[in-house]
Amino acid sequence: MRNIISEKNETNCCGCGACSKCCPRHAIYMEEDENGFDYPKIDESKCTECGKCLKVCSFEKKEQSRKETYAAQAKDADLEENASGGIFTVLAQEVLKRKGIVYGCAMLYENQNLVIKHIGIDKIEELCKLKDSKYVQSNLENVYVEIKRHLEHNETVLFSGTPCQIAGLRGYLQRTYANLYTIEIICHGVPSAKLFQNYLGYIESKEGKKIAGFYFRDKSSGWKLYGKMILENRDGSQKERYFEPEESSYYQMFLNGYTYRKSCYFCPFASEYRQGDITIGDYWGIELVHPEYLKKYGGEIEKEKGVSCLIVNNDQGRTMLAKYGSNIIKYPSSYQRAAKYNAQLVQPSVLKRQREKVMKLQKQNYACVERWYQKRRNRILFVRKLRSMIPKRIKIFIRKIKV
């Protein structure tokens with residue numbers, strides 16, 4: 001029997017769920033594996049081998065290539081409320097002002113838990129739900145179905161997600177729509193929601209408090225990687241706790257690439273073949289690549305507020321910027337320059353042996369993961385301390401010998 005199960009495995013299934021939503025017999029369903037990642041399963045008694053599931057699967061299809069690249073920032077970028085340079089916020093606001101619908105990833109507090117999932121909004125005051133970075137694979141639920149319904153009613157839709165989620169949406173729709181605009185993030189990879197929930201549960205147990213909010217990129221101290229969590233006491237009072245990435249095992253393991261879905265390490269879209277109409281992400285290294293664009297050197301961009309890498313991939317992306325992007329400052333760059341400090345524009349994250357260790361430990365409980373992480377971190381901190389004790393002249397001498 002040739003179907004999505006016979007063709008897919010851990011390395012070439014991103015879990016978008018397009019195959020399950022398109023099946024005319026409802027024979028395909030998504031099931032969570034032991035690591036918390038969803039994969040398609042088939043009720044063979046219902047399957048007629050129509051092949052539609054294979055037709056909509058777009059994980060390995062490379063159809064779009066890069067066009068134009070910019071260093072960009074919203075004209076009125078609010079450092080603390082926007083990811084990167086606020087490009088998504090500007091575009092989303094304009095779509096909402098014109099009675100469109102915006103879909104994106106939200107972190108919601110539901111049933112005493114923080115849940116990561118895609119939602120659609122039609123009011124500007126709800127846009128805050130879609131801001132901020134969420135380093136977790138989001139649940140798409142019936143989003144593709146909802147979007148198709150909106151599009152067929154001639155409503156404008158803006159969808160923001162990972163490249164594979166956009167590829168899944170295009171595969172599900174099986175046609176282009178002039179009223180659909182897509183924004184993809186520069187994605188490193190996605191950990192499972194299960195791992196994130198286990199991490200939160202561990203912290204709550206350790207602290208004896210409920211986590212009422214979690215922010216991977218709190219920018220109150222600048223355009224950096226610092227995070228923040230909101231801890232809630234039994235009496236309802238709350239306290240904010242800021243942390244550096246290394247202080248959070250989940251966050252640092254994400255940055256190290258230890259916890260992603262297996263397919264992320266083989267992602268065909270971590271390349272010049274982008275899937276969104278536009279691509280956005282942090283323009284890391286802007287001060288080295290384009291210092292002339294920064295305010296301190298006579299440009300208009302304020303680095304402290306975050307700078308976006310903005311890539312226009314097709315005519316629809318060009319139309320989106322012309323129609324909704326009047327409040328965006330953008331300077332010309334090149335794909336090669338943007339990729340210099342953003343490796344995911346040219347290659348997927350590297351699969352490291354530590355991933356297998358983390359996946360194995362988390363099957364027991366998160367406390368096992370935490371102990372392993374802390375031991376590893378302590379070794380790294382010890383080595384750093386030793387290196388800091390070496391006189392500078394000796395370090396220079398060692399470097400000369402290596403050369």
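The questions and answers below look at salt bridges and nonpolar cores in a predicted model.

Q: Why is E94 called buried?
A: The relative accessible area of E94 is 12%, and buried means under 20%, so E94 is called buried.

Q: What makes the pairing of E94 with K97 a salt bridge?
A: The side chains of E94 and K97 meet with N and O 3.3 Å apart, and because the rule asks for a nitrogen of Lys within 4 Å of a carboxyl oxygen of Glu, the pair counts as a salt bridge. Both residues lie in helix α4 (residues 87–97), where they are three residues apart, about one turn of the helix.

Q: How do you know that E94 also forms a salt bridge with R98?
A: The closest N and O atoms of E94 and R98 are 3.6 Å apart, and since the limit is 4 Å, this pair is a salt bridge as well.

Q: What makes D122 and K123 a salt bridge, and how accessible are the two residues?
A: Their side chains meet at 3.3 Å, N to O, and the limit is 4 Å, so the pair meets the rule.

Q: Which residues touch the most other members of the largest nonpolar core?
A: This core has 38 residues, and those touching the most other members are F196, Y199, F214, F216, M229, Y250 and M253.

Key:
Residues numbered from 1 in each chain as written. Predicted model: local features only at pLDDT ≥ 70, side-chain atom pairs only at ≥ 80, totals over all residues. Heavy atoms only, no water. Core = buried A, V, L, I, M, F, W, Y, C linked by side-chain atoms within 4.5 Å. Buried < 20%, exposed > 50% of the residue type's maximum accessible area, 1.4 Å probe, protein only. Helix = DSSP H or I, 4+ residues; strand = E, 2+ residues; numbered from the N terminus.
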